Amino acid sequence: MTLPRPVLTKNNGKLTFASEGIGFCFRGVNVQTGNYTMETAVRNEGCHLKGVCVYGNSTNLFTIGVEEGKVKLYQIEKGNQTELFPRTVDAPEIYLRVESINARFFRFSWSTDQQAWHAFPDGPTALDGIFLPQWGKGVRAGLLIDAK
């Protein structure tokens, strides 16, 4: 499966990420450690999911993003998409964060002010990413748009 090409522009220190096509558009990096944190801000507008992603391949990934005024966390395993967390948020900009623990467990959180973070799952629990393929290009972390 070929993903649409991302369109990246930089202006006033901000990176804008857009898609040239329909479907998942991902731009990421091969992480060099099993423990890392990735954070971004997205505008709370539009109907397309946009956010951060832990990407094994196009059929195995986690993504937390903003879609239609809601923060949503999805798990896609073997092509089957499950919405794990939806929350309506009334703010013009939402900050999203993913934390990797030992390249297998993941915590996701969101904030409207970068001070008060709301985690999913709550507490010290993390989601198990055992289903993410570790071979080939390995797990990548990056930005995602789902231009359905």
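Reader: In the hairpin of strand 6 and strand 7, which residue takes a positive phi?
Author: Glu68 does, with a phi near 50 degrees, and this hairpin has two residues between the strands. The model is predicted, with local features needing pLDDT of at least 70 and side-chain atom pairs pLDDT 80 or more, while totals for chains, interfaces and linings use all residues. Residues are numbered from 1 along each chain as its sequence is written, and side-chain values use heavy atoms, without hydrogens and water.

Reader: What makes strand 6 and strand 7 a pair?
Author: Strands are DSSP runs of E with at least two residues, numbered from the N terminus, and two of them pair if DSSP finds at least two bridges between them. Seven bridges join strand 6 to strand 7, so these antiparallel strands pair. Thr63 has Tyr74 of strand 7 as its bridge partner.

Reader: Why is strand 7 called largely enclosed by the rest of the structure?
Author: Buried means under 20% relative accessible area with a 1.4 Å probe, protein chains only. Six of the eight residues of strand 7 are buried, so the strand is largely enclosed.

Reader: What makes a space in this structure a cavity?
Author: On a 1 Å grid over the protein atoms alone, a cavity is a set of points where a 1.4 Å probe fits but cannot get out.

Reader: Which residues line the largest cavity?
Author: Lining residues have an atom within 4 Å of a point; among them are Thr63, Tyr74 and Lys148.

Terms used. 1 Å grid on protein atoms, 1.4 Å probe; cavity = no way out; pocket = protein on both sides within 12 Å on 5 of 7 lines; lining within 4 Å. Buried < 20%, exposed > 50% of the residue type's maximum accessible area, 1.4 Å probe, protein only. Helix = DSSP H or I, 4+ residues; strand = E, 2+ residues; numbered from the N terminus.
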